[in-house]
Amino acid sequence: MIAIPLSHILILASILFVIGFVGVITRKNTLFILMSLEVMLNAVGVAFIGAGSAWQQADGQVMFILILTLAAAEVALGLALLIQMQRRFKSLDIDLLSKLKG
Amino acid sequence: MISTFIELNPLQLTFYFAALLAIVASVKVVTGKNTVHALLYLVVSLLAVAVCFYLMGAPFAAGLEIIVYAGAILVLFVFAIMMFGLGQDETLHAPSVNDRIYGTKVNKFNLWLGPFLLALLLLTELVYAINSGEIQAKLTSNTIDAKQVGILLYGPYLLAVEIASFLLLAGLIGGYHFAKPEGVGLERKKDIGEHG
Amino acid sequence: MNDTIIPLMTESVLAFLPIYPLISFLLLMGFGKRLSWRVAASLSVGAMVLSALSSVFVISQLSVGDPVITSQLWTWFTLTLAEGANQATTSININFYLDGLSAVMISVVTGIGLLIHVFAAAYMKEDENFSRFMAYMNLFIVAMLILVLADNLVLLYLGWEGVGLCSFLLIGFWYQEKENVMAARKAFIVTRIGDTAMAIGLFMLFKELGQLTIVDITQSAQTLWTTGDDKAYWIALLLLGGAVGKSAQLPLQTWLPDAMAGPTPVSALIHAATMVTAGVYLIARMNSIFLLAPEVMTYVAWLGAATLILAGIAALAQSDIKRVLAYSTMSQIGYMMLSLGAGAFSAGVFHLMTHAFFKALLFLTAGAIILALHHQQNLFKMGGLLKRLPFETALFAVGLICLMALPGSSGFFSKEAIIAQLWSSNTAGPLLWYCAIFGALLTSIYSCRLFFLAFMGESRFEQNLQPSSSKLLKLSLITLAALSLVGGVFSNIIDMSLTQVFPLVARSAESEPNWLHSVAIATPFVGIVFSWFYFSSYRRKDSAGSNLNNFSESTSGIANFCRQGLGFDCLYYWLVVKPYCSLAKLNRSDIFDQLIMLNAWYVALCHDVLKSSQTGKLRWYAAAIGLVTFLLLLALNIDALSTEAS
């Protein structure tokens, strides 16, 4: 029985990654950028799980757990920063944060 | 191609369907205008990916994906949006008619053109890279269950678990600090200043 | 023992000659403001006294059997000529060389210098920068002594530049007035042109002969070159250029009248007695080279004659007493040049000495008069000073008598000596004799004009006079007057010492007319008689129909032209100054600086280009990361891609 080939899984991961990447670049609303980041993280998780499954090792799932943890911490902090941004700028436009220009 | 499609067994069929669903849902997340709708689409995407995980022989990961990712992280998203009013429509800050990009007037096409091209290139590249290696490995359908993951976690990866807990602690404290309402803590600072 | 001690002592005395004023200079510059007038004056004058005594002693040691005294101070450097067949190495050292010519020069420099220092100590007493003034005067003496005592041309050039520097410092002594600084600058720049010519001459000399020590040059030149040699011609011409600049002869004479902006002792010392004679000294010292280039000697003579006449004409139209004396100096140095050009070296040097006496006297007396008249220098505002300042009038008259070369005065002996040798000289000739006679005529005319305007006629100066009562001042003036009157007795001594230095110059075999001497002696008297009648309005007391207020200089075109030095200033302005200034204006942004700034401009351009990539927008940076990832994967997989494609 041939299960799903690893290359297909990796292609799925790449597609999801690229979709998330486009979202990060294009969207102005910081919330959407965070959501796109989640999509990208998810895609990376897919890749790891696929790799672990292909080599029949549980390390892939362990890595996935760590990524999950990372995503949780990142979302918490990101949303908190978003709240601060909303308070200071009254909007979530990421282009307002360009003090490092030049 | 169609012949290979018909020769698929149910497992593979389900996998490809779930993958397609994940992709479509992600696209709708990225291009959405309404915040909550986008979040819901993200949930769908995550659930679809969980299905994929199960079909890959990683039930524990699938469970975690649903419980933690879709069930905790995204719920956090939703609650934050609802409680702090972050979910204003993007159309408020969408590019207006008068904006200019690359010297011409903004419309849907040229706003997405650059990023789309870049992403396409990246994708093509990744696909090539994947296919060029000897990654066409034969998979067995043996599942890796929770017990194996647990043994690994509390064995070689123990330190990583502890560090992950540090990370969560940092996230917790940072989240509290940044999100606390205005005025809280200032009086305390004043008290300390008087005494110290 | 005596045989060895005295020569050793002489050498060390000679070596120390310029050191006394140098030490005085250093002390005065170091402690200047804190010294009282008494201390500063005694320091500077004392140094001069020591130098004068040393020079007397050293000169007394010169004798017929021992015509040269040398003194070696320090080694300096060696020069090697590595070109051609002449593999010459010459060592340039700080050595002093005393022969008859140097003896005359140091006696003039230290003697007259001492008297002028005494005068200056009294004259500049009230000036707040007294120490600085005396310091510069001493430094000048040091430089001049180095110039005349140098045994090689490099050391001479050092002294040459030193006197130029001191001239600049002293002319612009009252630097708070802009005209003084402009005059100092003009003097420096014009003499610089001459100095450059001289430097080129030195380079050529070294290249041709491989020597720069004067004694060696004389020997090599006489052995290597024949008379009329091309190289001697050019070198002599270049040295003449240097002499012309320093001695204010045509065409570089424009700086001397403006140099009268300095204090009067400066005009007396530098621009009458010493610095302007440096050119004469140079030509006399390098006589061996000049004798090998007879055409250049003719040029020298003609330059001298032209300057003589030009300066005489200009002096006739001046209204400032010091400018008259400046043009007179120019004219008299023309005489010296004329005599050198004619081959009468001894006569020229003797005239240098007597001229130093009476010109210093004239300048210093003029200074005393100007001081008494509250710094009034315009002749047309003076008059009738015969009654009001009898002492100064008498001294000035003595000076003028010597200037006009009336019989019995020292000027008579020296000038007649020059004129006598002009007719039959090989390089001069009868035409130049006529020029010299005409020049003498002009001299007497402008001298009488000066005397009448300042001392006779109506007194046009209404305020009270304040003649100086300083004994020092009077003493120095009287000494100079005495020297001017009796200086003629030195002629024999001078001749004797100079014959050792100068070779006999061949003269033409033609016999001279008999009336030469009588005409020469009579010329000043003719001039006096002419002026008596022509300038009668100046000297008469109550000239009918003339108003005191209308008494001023003639403003006709010719008079103006003569007053401005016969248009040379104007010529140089249009020929040199204006084009140079417009070129400088054109290059105001300095093209070479712009070329270097090109580098900075390029860097700034790169910076701007790179800066535009820092937009501060997060999404831009994220896109950049994606782009770089793509490029990186491309680079890593490029072989894989190509093998897959093929």
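Good morning. I begin with the residues C:A278, C:G279, C:V280, C:Y281, C:L282, C:I283, C:A284 and C:R285, which are the buried residues of helix α12 of chain C. Buried here means under 20% relative accessible area, exposed over 50%, and partly exposed in between, with a 1.4 Å probe and protein chains only. Eight of the eight residues of α12(C), residues 278-285, are buried, so this helix is largely enclosed by the rest of the structure.

A word on the source. The model is predicted: local features need pLDDT of at least 70 and side-chain atom pairs count only at pLDDT 80 or more, while totals for chains, interfaces and linings use all residues. Residues are numbered from 1 along each chain as its sequence is written, chains are lettered from A and ligands numbered from 1 in the order in which they are written, and side-chain values use heavy atoms, leaving out hydrogens and water.

Let me turn to chain C as a whole. Its secondary structure comes to 28 helices and two strands; these are DSSP runs numbered from the N terminus, with helices being H or I of at least four residues and strands E of at least two. Of the 646 residues in chain C, 55% are buried.

Next, the salt bridges. A salt bridge is a side-chain nitrogen of Lys or Arg within 4 Å of a carboxyl oxygen of Asp or Glu, and the count over all chains is 11. In one of them, C:K186 pairs with C:D569, with the closest N and O atoms 2.7 Å apart. C:K186 lies in helix α7 and C:D569 in helix α26 (residues 568-586) of chain C, so the pair ties together parts that are 383 residues apart in sequence. Both residues are partly exposed, C:K186 at 22% relative accessible area and C:D569 at 31%.

C:R192 forms another salt bridge, with C:E161, at 3.0 Å between the closest N and O atoms. Here C:R192 belongs to helix α7 (residues 178-209) and C:E161 to helix α6 (residues 153-171) of chain C, 31 residues apart.

Finally, the interface of chain B and chain A. What area do these two chains bury between them? The value is about 7,100 Å², with 75% of it on carbon and sulfur atoms; buried area is the accessible area (1.4 Å probe) that two parts lose on being put together, summed over both. Across this interface there are zero salt bridges. Thank you.
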